[in-house]
Amino acid sequence: MIRVLVVEDSPTWAKKLTFLLESDGEIKVVGRATNGRQAVEMAADLRPDLITMDVVIPDMDGLEATRRIMAANPTPIIIISASENELAYNLVFTAMQAGALDVMNKSMVDDDAWKQELLTKVKTLAKVRPREAGD
């Protein structure tokens, strides 16, 4: 079972992502964080196999939360963002520098190909074991 932490401040988007992820019997959403600080804490407490991370969230943006999670508890992270501006190349490079493994546009969530792509990425990237600091 792949254990996923969903970081999303919108209850509607969080429910959509949870429903989509759990539609695959190999994936279980083990928690939902609604802000960056909560994401960092829950990543440490829950030790999920993978995290889906929104960028624009309260307290601490998703990129800073990603940096902190990768420093303290390295975990595969997929950035899922809705804003067209955020999905510019700048975001992709910044997200990768922060430690994310991929970036997806959540405005495509209702597209069947996007759903399949997300499930495939979750299953593949959950197997990645990020190196601990100093490794």
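Modeller: Leaving aside its neighbours within four places in sequence, Asp-54 is in contact with Val-7, Glu-8, Asp-9, Gly-62, Ile-80, Ser-81 and Lys-106. Contact means heavy atoms within 4.5 Å. This is a predicted model, where local features need pLDDT of at least 70, side-chain atom pairs count only at pLDDT 80 or more, and totals for chains, interfaces and linings use all residues. Numbering starts from 1 along each chain as its sequence is written, and side-chain values use heavy atoms, with hydrogens and water left out.

Colleague: Where does Asp-54 lie?

Modeller: In the loop between strand S3 (50–53) and helix H3 (62–72). Both are DSSP runs, numbered from the N terminus: helices are H or I with at least four residues, strands E with at least two.

Colleague: Is Asp-54 buried or exposed?

Modeller: Buried means under 20% relative accessible area, exposed over 50%, partly exposed in between (1.4 Å probe, protein chains only). Asp-54 has 5% relative accessibility, so it counts as buried.

Colleague: What makes the Asp-54 to Lys-106 pair a polar contact?

Modeller: The definition asks for a pair of N or O atoms within 3.5 Å; within protein, one must be able to donate a hydrogen and the other to accept it, and residues adjacent in sequence count only if both atoms are side-chain atoms. The two side chains make this contact at 3.4 Å.

Colleague: Why do S1 and S2 count as paired?

Modeller: Pairing needs at least two DSSP bridges between two strands. Here 6 bridges join S1 (residues 2–7) to S2 (residues 27–33), and the two run parallel. Val-7 stands opposite Ala-33 in S2.

Colleague: And S3 with S4: how many bridges?

Modeller: 3, again in a parallel run. Thr-52 has Ile-78 in S4 as its bridge partner.

Colleague: What makes S2 and S5 edge strands?

Modeller: The open sheet of 5 strands is ordered S2-S1-S3-S4-S5, with parallel pairing. S2 and S5 (102–105) each have a single partner strand, so one side of each is left without a neighbour in the sheet.

Colleague: Which residues have the most contacts inside the largest nonpolar core?

Modeller: Val-7, Ile-51, Met-53, Ile-69, Ile-77 and Ile-79, in a core of 22 residues. Such a core is a set of buried Ala, Val, Leu, Ile, Met, Phe, Trp, Tyr and Cys residues joined through side-chain atoms within 4.5 Å. Apart from it lies another core, of 19 residues, including Ile-2, Leu-20, Ile-80 and Trp-114. Val-7 and Ile-80, from the two cores, are both in contact with Asp-54.
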